[in-house]
Amino acid sequence: MSGIRRKTIGLISDGEDQEQFDYDSLIAPGVTMLKFGRSGDPHERLFKLSGDRRYLSWRAGWFTSKMGRLCNVDLEKVSKILQGQNTYQFQRWADPYNVASDKSFSIIYQDDDNQEQTLDLIAPSADIYDLWFNGIQALVQKLQDERKNYSLDMLYLKTLWDRADADHS
């Protein structure tokens, strides 16, 4: 064989018959997906995970009220992730995009004002869909499990840190 090293993407085994997700494949490059917003046409955006694996981010369009601002979803505030096209945003565009239902998913989360929001996405391929859907689901579960094990002191300190860390770096 040639000297080319292959990078594992997705689930990897840690040798104890327990699988862990390789998050690095989601972090560095990001991926362009079709985003369905509350208004306007669906549009492509580059989605990336933050280095601490807590935020999913993208840039808003320049000709929107957000004017190119960095937007993000705090994965600790995700309540569920749905497969397919089950939300209102997807239903608005059912005719032209329903053929991509098998590559579609929605992230249901609480925004900064504690209002329920959805992030509705279509991945460019089935492989990328599997990688991102399973990866985000695994990250959300991991964050929820970690939060259950925090002491009250740790939760208080974490809240203070989150308030101070405005840029999520």
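Hi everyone, let's start inside the protein: D74 and R54 are both buried, where buried means under 20% relative accessible area, exposed over 50%, and partly exposed in between (1.4 Å probe, protein chains only). Before going on, please keep in mind that this is a predicted model, where local features need pLDDT of at least 70, side-chain atom pairs count only at pLDDT 80 or more, and totals for chains, interfaces and linings use all residues. Residues are numbered from 1 along each chain as its sequence is written, and side-chain values use heavy atoms, leaving out hydrogens and water.

Now, how many salt bridges does the structure hold? There are 2, each being a side-chain nitrogen of Lys or Arg within 4 Å of a carboxyl oxygen of Asp or Glu. As background, side chains of opposite charge can pair when their charged atoms come close.

Strands here are DSSP runs (E, at least two residues; helices are H or I, at least four), numbered from the N terminus.

R54 also meets E76 in a salt bridge, at 3.4 Å from N to O. E76 lies in the loop between β6 and β7 (78–83) and R54 in the one between β4 and β5, so they link parts 22 residues apart in sequence. E76 has 18% relative accessibility, so it counts as buried. Through shared partners, salt bridges join R54, D74 and E76 into one network.
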